[in-house]
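Here are my notes on the model you sent. Please have the sequence and the coordinates open while you read.

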Amino acid sequence: MFFQRCFELNLPQPARRLWTSQSLANTRITNNTYICQVYYDLLYNCGMYEEVLKEFQERYDVFKHSQNCLLIGKHNYCTV
C-alpha cells in the first residue's frame, strides 16, 4: 500500500500529494479509517501537527462514528 510505504520511508510529501489529489477524492479510500490512521500518523511523526488537526477537523463527520477515531487521537496525543 502506498501510504504504508510512505510511512515506512518517512515521506509525507508524496502521501500529501496523493491524499489531496482529485483522483483520490473521487474514491472511498479516504473514508477507510486504517488508511487515515496511517496517513495521519505519518504527518504527525513528521511534525506536521497543523495538517493533522486541519484534516481531522475537516473530516470530523467521517470519524465521529468510528472507534478508530479514538485510537488516532489517543496515539497522537499520548506521544506529545
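1. Basis. This is a predicted model, in which local features need pLDDT of at least 70 and side-chain atom pairs count only at pLDDT 80 or more, while totals for chains, interfaces and linings use all residues. Residues are numbered from 1 along each chain as its sequence is written, and side-chain values use heavy atoms, with hydrogens and water left out.

2. The core. The largest nonpolar core has 15 residues. Such a core is a set of buried Ala, Val, Leu, Ile, Met, Phe, Trp, Tyr and Cys residues joined through side-chain atoms within 4.5 Å; buried means under 20% relative accessible area, exposed over 50%, and partly exposed in between, with a 1.4 Å probe and protein chains only. The residues with the most contacts inside this core are Phe3, Ala15, Trp19, Tyr39, Tyr40, Leu43 and Val52. At least two core residues come from each of α1 (2-9), α2 (12-19) and α4. The largest share, eight residues, is supplied by α4. Helices here are DSSP runs (H or I, at least four residues), numbered from the N terminus. In soluble globular proteins, nonpolar side chains tend to be buried together.

3. Leu42 and Ala15. Leu42 lies in helix α4 (residues 33-45), and its relative accessible area of 1% makes it buried. Beyond its neighbours within four places in sequence, Leu42 is in contact with Cys6, Phe7, Asn10, Leu11, Pro12 and Ala15, where contact means heavy atoms within 4.5 Å. The C-alpha atoms of Leu42 and Phe3 are 8.5 Å apart, although 39 residues separate the two along the chain.

4. Aromatic rings. Rings of Phe, Tyr and Trp (its six-membered ring) pair if their centres lie within 6.5 Å; planes under 30 degrees apart count as stacked, over 60 as edge-to-face and the rest as tilted. The count by this rule is seven aromatic pairs. Phe2 and Phe3 are edge-to-face because their planes stand at 75°, with ring centres 5.6 Å apart. Phe2 is partly exposed at 39%, whereas Phe3 is buried at 4%. Phe3 also pairs with Trp19, edge-to-face, with centres 5.4 Å apart and planes at 85°. That pair links distant parts of the chain, since Phe3 is in helix α1 and Trp19 in helix α2, 16 residues apart. One aromatic cluster is formed by Phe2, Phe3, Trp19, Tyr39 and Tyr40.

5. Cysteines. How many disulfides does a search of the whole structure find? It finds zero, a disulfide being a pair of cysteine sulfur atoms within 2.5 Å. The closest cysteine sulfur to that of Cys6 is in Cys46, at 9.8 Å, which is too far for a bond. Cys6 is buried, at 4% relative accessible area, and Cys46 is partly exposed, at 27%.

6. Helix pair. α4 and helix α5 (residues 49-58) pack at about 150°, with axes 7 Å apart. Axes are lines fitted to C-alpha atoms over the stretch in contact, and angles run from 0 to 180 degrees between N-to-C directions. α4 is therefore roughly antiparallel to α5, the class for angles over 145 degrees. In this packing, Tyr39, Tyr40, Leu43 and Tyr44 in α4 meet Tyr49, Glu51, Val52, Glu55 and Phe56 in α5.

Methods: Angles under 35 degrees count as roughly parallel, over 145 as roughly antiparallel, 65 to 115 as roughly perpendicular and the rest as oblique.
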